[in-house]
Amino acid sequence: MADFRLIERFVSINGEGPRAGELAVFLRFPGCNLRCSYCDTAWANLPDAPTMPCTITEVCGYVRETGVRNVTITGGEPLLQPVLPELIAALAEIGCRIEIETNGSLSIAPLAGLSARPAFTLDYKLPGSGMESHMLTENYAYLRHEDTVKFVAGSLEDLDKAREIIETYALTEKCHVYLSAVFGKIDCRDIVAYMETHRMNGVRLQLQLHKFIWDPNERGV
């Protein structure tokens with residue numbers, strides 16, 4: 001019997017974050033509790049999205065066979081999945097470095113307390129996403145140096161809000177902080193100019209590498 005279902009699994013490079021450009025195994029879960037205006041994986045959240053049945057043993061076997069140490073657990077929204085603690089423990093047991101990409105609306109506290117603690121990449125959904133009211137800033141109490149908070153901006157209003165949150169919670173003193181552009185909505189040069197104007201030390205501009213290497217709509221990369 002399957003322990004859980006995945007929408008896809010594949011090997012590619014991390015397109016963003018501290019390990020951008022490094023090989024990683026991606027495990028993508030279906031379903032999300034948010035509906036962001038710019039979502040690039042909306043297809044994974046549809047009720048009839050095709051999924052594959054998996055067991056933890058099988059997934060660990062797949063990861064081991066790839067020979068790739070980095071594992072990125074994504075979605076959808078992976079924190080909706082009750083299997084995560086057991087899956088993380090099993091992947092850690094075979095020597096994986098685990099990163100969880102989460103939309104920032106659900107508590108990371110239960111997983112932050114695991115002995116095999118994963119690294120977290122937390123989104124902060126800015127006004128242009130339409131989902132800002134769902135953000136759970138209590139998560140910032142659990143951040144460590146290896147974690148990341150990511151702001152995907154599509155306008156100057158979004159950038160103003162990102163700067164406010166970064167300063168209010170002193171995020172650059174706690175973890176990695178990245179600004180990223182909503183693909184096709186804002187010129188990255190404008191983000192750089194904004195960073196320069198506001199002396200945003202400790203913040204990095206991030207380009208989604210996979211969208212420059214492959215078609216922006218291509219799956220499994």
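This briefing walks through some of the salt bridges in the structure above. The model is predicted, so to be counted here local features need pLDDT of at least 70 and side-chain atom pairs pLDDT 80 or more, while totals for chains, interfaces and linings use all residues. Residues are numbered from 1 along each chain as its sequence is written, and side-chain values use heavy atoms, with hydrogens and water left out. Take a salt bridge as a side-chain nitrogen of Lys or Arg within 4 Å of a carboxyl oxygen of Asp or Glu; on that rule there are 11 of them.

**Around Arg117**

- Arg117 pairs up with Glu146 in a salt bridge, 3.3 Å from N to O.
- That pair links distant parts of the chain, 29 residues apart: Arg117 sits in the loop between helix H3 (109-112) and strand S7 (119-124), and Glu146 in the loop between S7 and strand S8 (148-153). Helices (H or I, at least four residues) and strands (E, at least two) are DSSP runs, numbered from the N terminus.
- Asp147 also forms a salt bridge with Arg117, with the closest N and O atoms 2.6 Å apart.
- Asp147 is in the S7–S8 loop and Arg117 in the H3–S7 loop, so this pair ties together parts 30 residues apart in sequence.

- Buried means under 20% relative accessible area, exposed over 50%, and partly exposed in between (1.4 Å probe, protein chains only).
- Arg117 is buried at 15%, Asp147 is buried at 0%, and Glu146 is partly exposed at 32%.

**Between S7 and S8**

- Asp123 and Lys150 make a salt bridge, their closest N and O atoms being 3.3 Å apart.
- Asp123 lies in strand S7 and Lys150 in strand S8, 27 residues apart.
- Both Asp123 and Lys150 are buried.
- Salt bridges with shared partners join Glu16, Asp123, Lys125 and Lys150 into one network.
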